[in-house]
Amino acid sequence: MTAATFLVVLSAFTLRTMQQPSTLSTAWNKLPVSRPALSTAPVKRKEGSLGIDIAATSAIVIDADSGAVLFEKNADAVVQVASLTKLLTAMTFLDLKPDFSQTVTIVPSDDPKLGRTILPTSERFTTQEIFDAMLIGSVNESANALARVTVGTEEFVKKMNEKAQVLGLKHLSFTDPSGEGSRNVGTAREMAQALKFAAAYPEVTKAMQRSSVTLHGVKKPYQINSTDLLLASDLNRGALKILAAKTGTLPEAGYCYALMTQGKDGQRVIVVLLGGETHFGRFQDVKAMTYWAFDTFEWPGRGQASLAR
């Protein structure tokens with residue numbers, strides 16, 4: 001066996017990338033979607049392409065419509081998910097049918113346990129502004145405030161965990177609505193499902209596609225910029241469009257990122273990375289995995305997915 005052949009074989013074992021993608025039909029068919037799911041999985045047209053070499057703890061690339069897994073690395077490892085928690089927070093909050101015109105006052109208990117405070121105590125905002133700030137800027141006090149003013153924080157977190165179980169996301173578990181807790185955990189595979197489920201809520205995708213939001217407080221306006229750096233990238237222009245994304249960072253969790261991108265033929269690819277080593281590195285890795293998926297696979301009936309032409 002030549003050295004080159006040995007490296008190819010070794011990579012095949014290290015990076016579990018299927019030559020023809022596997023389809024998790026049972027789990028994914030349980031998820032409500034905003035349009036009918038396609039039954040045809042994408043077909044790998046570049047057989048020698050094994051995926052992207054990443055240093056993150058775990059990652060997965062999935063075709064959103066068929067549920068086919070295009071690439072995975074330790075995708076079932078249960079790890080901390082940081083602010084990706086807010087995907088469940090958003091869904092749980094929306095399920096409670098909130099009044100978005102309601103005024104919310106920030107109180108001391110809303111202040112984040114980690115990181116700097118963005119929305120000061122005693123400021124008042126509409127529920128819509130608080131919700132948008134949570135998803136656009138990953139503002140922790142927004143998540144805490146939304147949980148508190150609906151059913152109370154303890155009951156809200158209970159509902160978050162019940163939501164995860166109803167969706168069949170058995171490894172997701174939460175102790176707070178903001179993602180600050182080290183016991184907020186999940187897997188890359190199930191966080192990909194959570195992003196798809198969250199993207200079925202128009203309120204979520206509308207917020208996540210914005211680069212900023214201005215909150216009109218009593219004291220002054222507060223501009224909240226998106227934590228998703230790829231909104232300004234070439235993944236979100238021309239024939240490509242970012243549909244939904246969420247970042248998360250904790251010292252124990254590393255740098256996390258979940259992204260859903262629509263390709264030029266309408267195909268949707270979800271990439272989740274957990275435990276990334278650096279802030280900018282997570283965006284580079286997820287961007288590379290997204291491009292790899294569009295370039296390596298084709299979607300029958302939708303034309304070539306290659307970005308090269």
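Author: On a 1 Å grid over the protein atoms alone, a pocket is an open set of points with protein on both sides within 12 Å along at least five of seven lines, a cavity is a set where a 1.4 Å probe fits but cannot get out, and lining residues have an atom within 4 Å of a point. This is a predicted model, in which local features need pLDDT of at least 70, side-chain atom pairs count only at pLDDT 80 or more, and totals for chains, interfaces and linings use all residues.

Reader: Which residues line the second largest pocket?

Author: Its lining is Ser 109, Asp 110, Lys 113, Asn 144, Arg 148, Thr 153, Val 157, Thr 175, Asp 176, Pro 177, Ser 178 and Glu 180.

Reader: What makes up the lining of the largest pocket, by class?

Author: That lining has seven nonpolar, twelve polar and four charged residues, and among its 23 residues the closest to the centre are Ser 83, Gly 137, Ser 138, Asn 140 and Thr 249.

Reader: How many cavities of 30 Å³ or more does a search of the whole structure find?

Author: There are two, and the largest cavity is lined by Leu 135, Ile 136, Met 208, Ser 226, Thr 227, Asp 228, Ala 245, Lys 246 and Thr 247.

Methods: Residues numbered from 1 in each chain as written. Heavy atoms only, no water. Nonpolar A, V, L, I, M, F, W, Y, C, P; charged D, E, K, R; others polar. Points joined across faces, edges and corners; volume = space filled by probe spheres on them.
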